[in-house]
Amino acid sequence: HVRQLYALVSETLRYSSVLEKLLAGAALLRAEKKLPLPLAKVLVYDLLFGKGLKCGGRWKALARRHRARLEAELARLKVQQKVSRNEDLLAPVQAACSGACQVPRYVRVNTLKTCVDDAIDFFKRQGYFYLGKAASVEELRALSGKKFLLDLHLPELLVFPPETDFHDNLLYTSGHIILQDKASCLPAFLLSPAAGSHVIDACAAPGNKTSHLAAILKNKGQIFAFDVDTKRLATMNTMLMRAGVTDFQLAQQDFLTVDPGDPKYSKVTYILLDPSCSGSGMVNRVPREEAAPSAERLQALAGFQRKVLSHALSFPALQRLVYSTCSLHREENEDVVQAVLQEWGSAFRLANAFPSWPCRGLAAFSGAESCLRASPADTLTHGFFVAVLERHREGTAAPSSLPAAAEENPQHGEGTEPRAAPKKRKRKKQRVK
């Protein structure tokens, strides 16, 4: 029911301006003075554009009472705008996003419970057609029907056509797959903690990145996850348990109040930091009509982001940190990274994150191209920004290149440094008596 409600509200937001015109033309709010505007929009959307009214009682009776007038107003609006389809009533930007700019349905295989090959076989048995590993973004863009691909960048990500719904699929309900946008998978993938490590997920809820970290760690190590929202943490706990995550500690706590000197965190070598941001990169899947954030709002967010990033770098054993946002604004991305790197001097530096990724950071400062960006148009994902910071080690002349090991080997390694090949054991031949 929650998933259905989320989808209903998302679509209502997409048609918001159209619904307001219908409500005004039909004078519904004047006739029903106690009906709140948001509820009126949801009722009218479900009545005229959705799958029919699912509610009961007085709300259903109210909507039906005005149905003829609303349908007449919808027909008049179509004639006025010279269109025949409901979708054509949307603003040009929204119409474009509902078509050419739609991102595919990304499915991350949860390797704590299954493997990619088994997930592929399961979907094939359900009637889907596997096309192999994608060679380009254009192949992902061309997906249709029941065809799917293995992503060209991330080794545990399957790609299906947009709007493919897996919420009732057995693999999803059992935690074998995670419905997670490709860009959202990048932070944990690039952090790539070695199995057995202690990791902090600083702003963790709703938990998709946390479960991804656990899969990379193979449940060997310790994850400390923080969030200030009690309800989000409770939901996250349920999701992590369903995903088979074991070695984690959830804390309802503002990460800024966590003491880096606490012995509990003395072995933390990896931190994933995805702080609150403007969310300007998320407009593709859940369209919004709200105005762009003001300069004051951006500066306030950037101030918080600089503060929390600097705090994260103060953990004494930290070796690698991933900073990510779902924002498109330079103020929250490159500018934050530049300011904190300047604050810390030569203690940390940017790693060259994912050299094969096509979209790089804006040229805000020297080295910003080591960061990466994502967008619906260029990478068929939500808008995203990721920077990988590593502690500067004496004697290393250049920052490391990530994830070189992942590109060579489709599975995550257990460490970031190359290991010597294991010596072959000589087997003793058994004599047959």
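Annotated positions, buried residues and aromatic pairs

For "binding site", the unreviewed UniProt entry lists Cys203, Ala204, Ala205, Pro206, Gly207, Asn208, Lys209, Asp227, Asp254 and Asp274. These positions were examined in a predicted model. Cys203 is located in the loop that runs between strand E6 (198–201) and helix H12 (208–217). When residues up to four places away in sequence are not counted, Cys203 touches Phe226, Asp227, Leu273, Asp274 and Pro275. Asp227 and Asp274 are also among the positions listed in the UniProt record.

Asp227 belongs to strand E7, which covers residues 222–227. The relative accessible area of Asp227 is 9%, and the residue counts as buried because this value is under the cut-off of 20%. With neighbours within four places in sequence left aside, the contacts of Asp227 are Cys203, Ala204, Ala205, Arg232, Leu233, Ala251, Gln252 and Gln253.

The protein as a whole contains 17 helices and 15 strands. It has 433 residues, of which 48% count as buried. Among contacts with a separation of 6 or more, 70% are between residues 24 or more positions apart. The accessible surface comes to about 22,100 Å², and carbon and sulfur atoms account for 53% of this area.

Leu372 gives an example of a buried residue with contacts in several parts of the sequence. Leu372 is placed in strand E13 (residues 372–374), and its relative accessibility is 0%. Residues touched by Leu372, not counting those up to four places away in sequence, are Leu186, Leu190, Ala353, Phe354, Trp357, Cys359, Arg360, Gly361, Phe384, Phe385 and Val386. The C-alpha atom of Leu372 is separated by 6.7 Å from that of Ala387, a residue 15 residues apart from Leu372 along the chain.

The aromatic residues were considered next. The protein has 20 aromatic pairs. One of them joins Phe122 and Phe123, whose rings are 6.0 Å apart centre to centre with 80° between the planes, an edge-to-face arrangement. Both Phe122 and Phe123 are buried. Phe123 also pairs with Phe160: the ring centres are 5.0 Å apart and the planes stand at 65°, so this pair is edge-to-face. Phe123 lies in helix H8 (residues 116–125) and Phe160 in strand E4, so the pair ties together parts that are 37 residues apart in sequence. The relative accessibility of Phe123 is 0%, and the relative accessible area of Phe160 is 0%.

Phe122, Phe123 and Phe160 are members of one aromatic cluster, which also includes Tyr128, Tyr130, Phe148 and Phe166. Within this cluster, the ring of Tyr128 has the charged end of Lys146 over it, 4.4 Å from the ring centre.

Asn169 touches two residues of the cluster, Phe122 and Phe123. Gln126 is also touched by Asn169, with residues up to four places away in sequence not counted. Asn169 is situated in the loop between strand E4 (157–160) and helix H10 (170–173). With a relative accessibility of 10%, Asn169 counts as buried.

Technical notes
Residues numbered from 1 in each chain as written. Predicted model: local features only at pLDDT ≥ 70, side-chain atom pairs only at ≥ 80, totals over all residues. Heavy atoms only, no water. UniProt positions renumbered as here; feature names shortened; annotations may be inferred. Helix = DSSP H or I, 4+ residues; strand = E, 2+ residues; numbered from the N terminus. Contact = heavy atoms within 4.5 Å. Buried < 20%, exposed > 50% of the residue type's maximum accessible area, 1.4 Å probe, protein only. Areas by Shrake-Rupley, 256 points an atom, 1.4 Å probe, with all protein chains shown as cover. Phe/Tyr/Trp six-rings, centres within 6.5 Å; stacked < 30°, edge-to-face > 60°. Lys NZ or Arg CZ within 6 Å of the ring centre and 35° of its normal.
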